[in-house]
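Biologist: Could you walk me through this one, starting with how its helices pack?

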Amino acid sequence: MSDVLLVVVDAANVVGSVPDGWWRDRRGAAERLRDRLAADGVPGRDGAVEIVLVVEGAARGVSSVPGVRVESAPGSGDDHMVELVAGAGERPVLVVTADRELRRRVGELGAEVAGPRTVRP
């Protein structure tokens, strides 16, 4: 698995990128994103990927499905994503977020970064 791309998705940031009423049902919005990722994967990425959807706040407790592991951040979602990237070692990592500070932090650890449109048209 060391050559399989690890894709870490910032659920709150990606869900919040489209004003479709997600704030009325944060958990449901995270579940819809999870299901889209499970069905579509990461467009434009050939080869095997491991997708980790990081949820926080009201979306905690969303369950994993085949193809997408969901992790509930115990505190800050950003901190949890940084920990995932730091723990990936030499493995290639893509973090999907528009959060500038998070992009900076994971970029310093060697992760590639991409915006929400990467996984949400």
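Modeller: Helix 3 (residues 77-86) and helix 4 (residues 100-108) pack at an angle of about 20°, and their axes are 9 Å apart. Axes here are lines fitted to C-alpha atoms, for helices over the stretch in contact, and angles run from 0 to 180 degrees between N-to-C directions. Helices (H or I, at least four residues) and strands (E, at least two) are DSSP runs, numbered from the N terminus. This is a predicted model, in which local features need pLDDT of at least 70 and side-chain atom pairs count only at pLDDT 80 or more, while totals for chains, interfaces and linings use all residues. Residues are numbered from 1 along each chain as its sequence is written, and side-chain values use heavy atoms, with hydrogens and water left out.

Biologist: What do you call the orientation of helix 3 and helix 4 to each other?

Modeller: Helix 3 and helix 4 are therefore roughly parallel, a label for angles under 35 degrees, with over 145 being roughly antiparallel, 65 to 115 roughly perpendicular and the rest oblique.

Biologist: How many residues of helix 3 are buried, and what covers them?

Modeller: Seven of the 10 are buried, so helix 3 is largely enclosed by the rest of the structure; buried means under 20% relative accessible area, exposed over 50% and partly exposed in between, with a 1.4 Å probe and protein chains only. The buried ones are Gly77, Asp78, His80, Met81, Val82, Leu84 and Val85, and their cover includes strand 1 (5-10), strand 2 (49-55), strand 3 (68-72), strand 4 (93-96) and helix 4.

Biologist: Asp78 again, then: what does Asp78 touch?

Modeller: Apart from neighbours within four places in sequence, Asp78 is in contact with Asp10, Asp99, Leu102 and Arg105, and Asp78 is buried with a relative accessible area of 19%.

Biologist: Switching to the strands, is Glu71 buried or exposed?

Modeller: Glu71, which is in strand 3, counts as buried at 18% relative accessibility. Neighbours within four places in sequence aside, Glu71 is in contact with Val52, Leu53, Val54, Val55, His80 and Leu84.

Biologist: Where is Leu53?

Modeller: Leu53 is in strand 2 and is buried, with a relative accessible area of 0%. Leu53 lies 7.0 Å from Arg34, C-alpha to C-alpha, although 19 residues separate them in sequence.

Biologist: Last one: is Gly47 buried or exposed?

Modeller: Gly47 is exposed, with a relative accessible area of 62%, and is found in the loop between helix 2 (26-40) and strand 2.

Methods: Contact = heavy atoms within 4.5 Å.
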